[in-house]
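I opened this notebook to keep track of what I looked up, entry by entry, and in what order.

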Amino acid sequence: MNIFLTLYHYELKKIIKRKLVWISLFICLGCIVMAKAGNLSGNYYVDGEVVDTHYHMFQVDSAYRRALSGRVVAQELLEETMTAYGKIPAAAERYTETEEYQKYARPYNDIFQLIWKWTRRNPFYEGWNADEQNLYDARTDWQEETWTELFLSDTEKAFWREKEEQIDKPFTYFYHEGYSVILKDLDTVGILLLLLTAVCLSGVFPEEHMRRMDQMILSSAKGRTIAYWAKLSAGISVSFICAVLMGLAAVTASLIIYGTEGFQTAVQMYLYLATYSYPISIGEACFIAYGVFLVTAVLMSVLVMVVSELLHNSIATLALFTGFIIVGVMINIPSQYRIVAQIWQSLPMRFLSCRGLFSQRLVVVGRHCFTVWQTVPILYVLCGTAAAVAGVGIYRRYQMSGR
Amino acid sequence: MQLTIERVSKQYKNLIAVDRISVNLEKGVYGLLGANGAGKTTLMRMISGILKPTGGTISYDGIDVSEEAYRAILGYLPQDFGYYPEFSATEFLLYLAALKGIPKAQAKRKAKELLELVSLQDVGHKKVKTFSGGMKQRLGIAQALLNEPKLLVLDEPTAGLDPKERVRFRELIESLGRDSIVLLSTHIVSDIEHIADEILMMKDGQLIYQGKWNGVKGDLEQFYLEQNV
């Protein structure tokens, strides 16, 4: 154990002494913070003229949202919303630019957006009579249609109906902007993590060959056994620590800029997850997201290091993983190809997103259904372990020919 | 204490780098001579367990070359080796000591002792990237001795050493040969003619001479040149 720890210490030192690691990490952290703050910079233009600053608009909207916080999305609030929007002249071409919108309707904008999303029609242009039952029924219809589009089986539909019954309704609106931003930017932070891992760890094994240290390592007593695990552990640690730092940067920046309130908000109040039926809060969803984020960091680090040892080339490894990430993001497999589509959706670059993590496709084992955020991380751990064990064979079989 | 090399061959497609070499080595210094491309490095890599022979076996006192126990008694200085630019000489030795399975306290003591032996004690804290070629070579020799090897394989160890260092190195090898098997490859005859107990000469992958060399047999350098014309 002492030998392992000593080797681990030196392997860690080799990685963190590389400038590339620090430069890449700071760029990623900078990108994350800038992306969060970037939405609030600059001006808002209408017909080429500055109307307001984004920051001021955010301040105004936040104050209105906070005023709505704690109110139940029920008949009373829906009527207030529609009454307020009813004051906007019907002939208005762009109703958000009217005085009436600014004065009466804007404070209810979040509720209006919710009605629009759930009923899937713009209540201002297409008309809608405030009706709580109608609104919740519209959401149920939307859920059923979504399940059909996703080709869910009857077992899966039954699972979601059962979960839906466990949700407290009517929903209560809370200001939850900070958590919404965390979930919304999850895919960007996820891609950055995957790229950072590929950049930082693709050289861990090939550099020993490049530096011609491999001969001394592989001819030493522990060079073919403990050294491999020490290297792998050091790489995993670096990736894990980078993920923790990136996660902290994303969460801290979001909560500092947009506010910490709303942890307990039902995740269904986040518009992108309106049809999701699992009874969790938006704060819990963020915890799940970052738990999966950390597991993904471990999987990715193992894959990058094992492939780099297979290729004996850091640049080829980096190119391979960059291509893999791009292809994974760009190519979509339609839901009708059930298993292939689900496997594709479980790839790290797709899974680390709100849509991937909280997909309504389930993993059915016997009579039991599990959500993808419950099963895919376990699959990641298994894949990582299998890759690490396969890597031992690749590492031990290396032959010092040539040169 | 016996290193047994039995009908060892290495073939790369159409090229036979080492051709059915059989030799038993016991305590002492062995000088492996041969021109560039004769197969010295390939043979040494196979003896060091980092290159698998196409045929034949290598063992030390019955322990196969592929076993950890074999590597535990081995000290190897490759012909061309690297370093970690951010490591100091002491850190470099401590890292390699851990690779050889030496406990930390013992490794520290041994590293200090070896840095003195190769006259690097004053620069132990300095980064290896600041070292000259000769200093790096001496550090390489030190790392090969960390585990007090019973089998020491040195591939062109005198490359980069100045004349004074060469003389010191020969004395060191001579003393090591009293307790271990030292196999030293070179293409410079003067490096080994006075210290080697036996000469092994390779040409085109084959062992063309094996045995003691003394003045009666004539000039070793002349013989070597004749074989490699």
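I took contact to mean heavy atoms within 4.5 Å. With that rule I looked at chain A, where, among contacts between residues at least 6 apart in sequence, 74% join residues at least 24 apart.

Before going further I noted that this is a predicted model, in which local features need pLDDT of at least 70 and side-chain atom pairs count only at pLDDT 80 or more, while totals for chains, interfaces and linings use all residues. I also noted that residues are numbered from 1 along each chain as its sequence is written, that chains are lettered from A and ligands numbered from 1 in the order in which they are written, and that side-chain values use heavy atoms, with hydrogens and water left out.

**Entry: chain A as a whole**

I looked up the secondary structure of chain A and found 20 helices and 6 strands, where helices (H or I, at least four residues) and strands (E, at least two) are DSSP runs numbered from the N terminus. The C-alpha atoms of chain A fill a box of roughly 80 × 55 × 35 Å along the principal axes. Of the 403 residues in chain A, 53% are buried; buried means under 20% relative accessible area, exposed over 50%, and partly exposed in between, with a 1.4 Å probe and protein chains only.

**Entry: the two domains of chain A**

The domain assignment, whose bounds come from an automatic or database source, gives chain A a domain 1 (2-39 + 176-396) and a domain 2 (71-169). I found their centres, taken over C-alpha atoms, to be 36 Å apart, and 19 residues of domain 1 in contact with 23 residues of domain 2. Between them these domains of chain A bury about 2000 Å², 69% of it on carbon and sulfur atoms, buried area being the accessible area (1.4 Å probe) that two parts lose on being put together, summed over both. On the domain 1 side, A:Leu271, A:Ser277 and A:Gln360 supply 29% of the area buried against domain 2, more than any other three residues.

I then checked the charged pairs, counting as a salt bridge a side-chain nitrogen of Lys or Arg within 4 Å of a carboxyl oxygen of Asp or Glu. The rule finds 1 salt bridge across the interface of domain 1 and domain 2 of chain A. A:Arg338 forms a salt bridge with A:Glu156, with the closest N and O atoms 2.9 Å apart.

**Entry: the nonpolar cores**

A nonpolar core is a set of buried Ala, Val, Leu, Ile, Met, Phe, Trp, Tyr and Cys residues joined through side-chain atoms within 4.5 Å. The largest has 169 residues, of which A:Leu183, A:Met246, A:Phe358, B:Leu3 and B:Ile47 touch the most other members. Helix 15 (residues 282-311) of chain A brings the largest share of this core, 16 residues, and the core draws at least three residues from each of domain 1 and domain 2 of chain A. Apart from it I found another core, of 29 residues, including A:Val73, A:Tyr85, A:Ile111 and A:Ala274. Going back to A:Leu183, I listed its neighbours, leaving out residues up to four places away in sequence; among them are A:Tyr270, A:Ile282, A:Cys354 and A:Phe358.

**Entry: where chain A meets chain B**

Chain A brings 31 residues to the contact and chain B brings 34 residues. The area buried between chain A and chain B is about 3000 Å², with 59% from carbon and sulfur atoms. In chain A, A:Tyr10, A:Met216 and A:Ala221 lose the most area to chain B, together 21% of what that side buries. I counted 3 salt bridges between chain A and chain B, and I also noted that the side chains of A:Arg212 and B:Asp80 meet in a salt bridge (3.1 Å, N to O). Helix 1 of chain A gives the most to the side that touches chain B, with 7 residues.

**Entry: backbone spots**

A cis peptide bond, with omega about 0°, joins A:Lys169 and A:Pro170, and A:Pro170 is found in the loop between helix 9 (154-165) and strand 4 (172-173) of chain A. B:Glu156 has a positive phi of about 50° although it is not a glycine, and B:Glu156 is buried, with a relative accessible area of 7%. B:Asp204 also has a positive phi of about 50° without being a glycine, whereas B:Asp204 is exposed, with a relative accessible area of 59%.
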